[in-house]
Amino acid sequence: MTNQLLATASGTLLLTAVLLLWRRSISGAAVLLGVQGVALAGLAVLTAAAEGHVELYVGATLFVLIKGILIPTLLVRTARVVGAGTEATPIVNPTTGMLLAAALTTVAFLVSRPLVAGAGANLDGAVPVGIAVVLIGFLVLATRRQALAQIMGFVMVDNGIGATALLASGGLPIVIELGVLLDVLLVVVILLVLTRRIGAAFATTELHELTELRD
């Protein structure tokens with residue numbers, strides 16, 4: 001049963017990362033990011049059950065509230081305010097993005113092989129998924145021109161790091177997880193406020209258009 005739940009949570013984490021790379025609608029991508037946050041919470045619950053760390057249940061609840069609900073809601077509201085419906089000019093097309101995601105996932109499984117050798121049914125056998133999410137998140141940061149999409153890429157990277165830490169170490173102390181989570185929330189809020197100001201001042205949040213601005 002645990003193996004099935006682990007496969008479901010880690011599979012959802014990776015699938016949402018790939019779909020976030022493909023999805024161009026900001027509101028649709030925000031929903032996927034929320035699902036990814038819930039999947040991360042599922043990994044925290046599985047880790048708490050496997051390792052006996054009761055405080056991780058608190059962390060799982062915070063993941064759902066902040067990464068599953070609050071951050072996606074803020075992204076959708078900001079997208080409506082600045083009029084960012086769909087990203088019009090991504091650097092790579094969806095097909096190329098899917099191929100790059102597949103390549104990065106393969107790299108993640110290859111480089112993490114020493115970490116999961118002999119893991120068997122243990123949670124650390126899913127560590128490659130966390131690393132793959134980190135790499136795909138960086139790919140989103142590098143290939144998206146919409147400010148809100150890049151913010152989502154930043155959150156994806158943090159989700160991947162959080163998943164890797166949970167699976168590899170059996171969970172960090174709740175004080176550290178809470179501190180990191182609040183730091184991420186603060187950064188996202190600051191970036192969203194900045195995005196709103198950019199949208200109000202220049203009527204666009206497409207970053208490549210802002211490079212042509214001069215003092």
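Student: How much space lies in the largest pocket?
Tutor: The largest pocket holds about 210 Å³ of space. On a 1 Å grid over the protein atoms alone, a pocket is an open set of points with protein on both sides within 12 Å along at least five of seven lines, while a cavity is a set of points where a 1.4 Å probe fits but cannot get out. Lining residues have an atom within 4 Å of a point. Grid points are joined across faces, edges and corners, and a volume is the space filled by probe spheres set on the points.

Student: Before we go on, what kind of model is this?
Tutor: This is a predicted model, in which local features need pLDDT of at least 70, side-chain atom pairs count only at pLDDT 80 or more, and totals for chains, interfaces and linings use all residues. Residues are numbered from 1 along each chain as its sequence is written, and side-chain values use heavy atoms, with hydrogens and water left out.

Student: Back to the pocket, then. Which residues line the largest pocket?
Tutor: The lining consists of Leu40, Phe63, Lys67, Asp158, Ile161, Gly162, Ala165, Leu166, Leu172, Glu177, Val180 and Leu181. By class, eight are nonpolar, one is polar and three are charged. Here Ala, Val, Leu, Ile, Met, Phe, Trp, Tyr, Cys and Pro count as nonpolar, Asp, Glu, Lys and Arg as charged, and the others, Gly among them, as polar.

Student: Which helix gives the most to that lining?
Tutor: Helix 7 does, with five residues. At least two residues each come from helix 3, helix 7 (147-169) and helix 8 (174-202). Helices (H or I, at least four residues) and strands (E, at least two) are DSSP runs, numbered from the N terminus.

Student: How many helices and strands does the chain have?
Tutor: There are nine helices and zero strands. Along the sequence the pattern reads α-α-α-α-α-α-α-α-α.

Student: How many salt bridges does a search of the whole structure find?
Tutor: The search finds one salt bridge, defined as a side-chain nitrogen of Lys or Arg within 4 Å of a carboxyl oxygen of Asp or Glu. Lysine 67 pairs with aspartate 158, and their closest N and O atoms are 2.2 Å apart.

Student: Is lysine 67 buried or exposed?
Tutor: Lysine 67 counts as buried because its relative accessibility is 3%. Aspartate 158 is buried as well, with a relative accessible area of 14%. Buried means under 20% relative accessible area, exposed over 50%, and partly exposed in between (1.4 Å probe, protein chains only). Of the 215 residues in the chain, 47% are buried.

Student: A new topic: how many cavities of 30 Å³ or more does the structure hold?
Tutor: The structure holds one such cavity, and about 40 Å³ of space lies in the largest cavity. Its lining is made up of Leu20, Ala29, Val140, Arg144, Ala149, Met152 and Met156. Six of these residues are nonpolar, none is polar and one is charged. Helix 7 supplies the largest share of this lining, three residues.

Student: And on the surface, which residues form a nonpolar patch?
Tutor: Val45, Val54 and Tyr57 form one, with about 260 Å² of accessible area together. Patches are made of residues with over 30% relative accessible area and no salt bridge: like charges are joined within 9 Å, nonpolar side chains (Val, Leu, Ile, Met, Phe, Trp, Tyr) within 5 Å. Accessible areas come from the Shrake-Rupley method with a 1.4 Å probe, and for residues only the protein chains shown count as cover. Tyrosine 57 is placed in helix 3 (residues 55-82) and counts as partly exposed, at 37% relative accessibility.

Student: Where is threonine 195 found?
Tutor: Threonine 195 is in helix 8 and is buried, at 4% relative accessibility. The C-alpha atoms of threonine 195 and threonine 78 are separated by 7.9 Å, although the two are 117 residues apart along the chain.
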